[in-house]
Amino acid sequence: MNKSFFAEILTRKPNLVTSMLHFNGSQQALIMPNAIKNLAQYGIDIEELWNDPLIRKKYLSQSLSQCSPEQNTKDFENTISATENVENVAELLDFTKSVDNIGSTQESSFSEYWDFAEESKRLVLINQKTLQELIVYLGTAFNAEEIAQCIEKESVLSIKKTIGLEAYSYALGRGKFQFGNKDIIRDILPSFTKEGSFSKRVIMQGVWILYLCTQDWTVYLRQIFYNKLITSMCESSSEIVRNIEEFKMCLQEFPFDDISQVTKRHAWFSLKKMLTKELAPSCLPYFD
């Protein structure tokens, strides 16, 4: 990635710039600041204090600055303009760290991340609600035929309760065709995603596809995204909570590197179409 990426998104994708700023501010706000740590000397339970959502919100607001998104984008643009001779992103980020509202605003160490030139990495920018829906829709697409063939009343009601009415309607229509030649991916679905209840299979298959599409990310970015995934899984199904450690181990041991880049790209483009056409059209400007 080089400076041209930033120059392009500033003119063509200002919403993406804002999301990148928000992402770094959000990650920064997860670090306990020294102002909280220092309260331990007074016998205060700093872990309990830091886990208070109101406290977190206060520091998140600070890390994102009091400026509007438009002002943050303007600051970012000024930084780019001041780096005419910068040749690579490493040098560029040295400049950005000196700019208000973009560099670190806390005393704790924090690894900023700006390399979103490869568009699949922008998945980490989507919100938790959309991510939860994406997991369900991915799993629903792989089970669309089974859903469409189910006519027994109690089973239909159970499916609707599991995936929601919109996902159910999607399965009966476009969901059956979302992945094009679905067998390309269905044939490599591991056995541990095909076992158990319908609810478990939907969640596990959806998460597995997301793991497949993010294997080429950096370790740092994958860790952030996978933490969001695990949280989404736990919120989506109580059954998943009981099996989460086993599932994580299976994912870690699965040989994703043996899957061809052609298959990974097929999965990614199908996922991107689902996200931007079905779930969150507002995300479309984020992608190429």
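**Notebook: loops, core and salt bridges**

I began with S260, which sits in the loop between α15 (238-253) and α16 (261-279). Helices here are DSSP runs of H or I with at least four residues, strands are runs of E with at least two, and both are numbered from the N terminus. I noted that the model is predicted, that local features need pLDDT of at least 70, that side-chain atom pairs count only at pLDDT 80 or more, and that totals for chains, interfaces and linings use all residues. Residues are numbered from 1 along each chain as its sequence is written, and side-chain values use heavy atoms, with hydrogens and water left out.

**Entry 1**

I looked up the exposure of S260 and found a relative accessible area of 37%, so S260 is partly exposed. The cut-offs are under 20% for buried and over 50% for exposed, with partly exposed in between (1.4 Å probe, protein chains only). The side chain of S260 makes a polar contact of 3.0 Å with the side chain of T263. A polar contact is a pair of N or O atoms within 3.5 Å; within protein, one must be able to donate a hydrogen and the other to accept it, and residues adjacent in sequence count only if both atoms are side-chain atoms.

Next I turned to T214, in the loop between α13 (198-213) and α14 (219-236). Is T214 buried or exposed? T214 has a relative accessible area of 0%, so I wrote it down as buried. A polar atom of the T214 side chain lies 2.9 Å from the backbone oxygen of L210. Setting aside neighbours within four places in sequence, I listed L123, R222, F225 and Y226 as contacts of T214; contact means heavy atoms within 4.5 Å.

**Entry 2: the whole chain**

I counted 16 helices and zero strands. Of the 288 residues in the chain, 49% are buried. Among contacts with a separation of 6 or more, 72% join residues 24 or more positions apart.

I then looked up the largest nonpolar core, which has 73 residues. Such a core is a set of buried Ala, Val, Leu, Ile, Met, Phe, Trp, Tyr and Cys residues joined through side-chain atoms within 4.5 Å. L123, L134, W208 and L210 have the most contacts inside the core. Helix α13 gives the largest share of this core, 11 residues. As a general note, nonpolar side chains tend to be buried together in soluble globular proteins.

**Entry 3: salt bridges**

How many salt bridges does the structure hold? I found seven, each a side-chain nitrogen of Lys or Arg within 4 Å of a carboxyl oxygen of Asp or Glu.

R12 pairs with E8, with the closest N and O atoms 2.4 Å apart. The two are separated by about one helical turn because they are four residues apart in helix α1 (residues 3-12). E8 is partly exposed at 38%.

K129 pairs with E133 at 2.7 Å between the closest N and O atoms. Both lie in helix α8 (residues 128-142), four residues apart. K129 is exposed at 55%, while E133 is partly exposed at 27%.

R186 and E145 meet at 3.9 Å, N to O. R186 is in helix α12 (residues 183-186) and E145 in helix α9 (residues 144-149), so this pair ties together parts 41 residues apart in sequence. I noted R186 as partly exposed at 27% and E145 as partly exposed at 30%.
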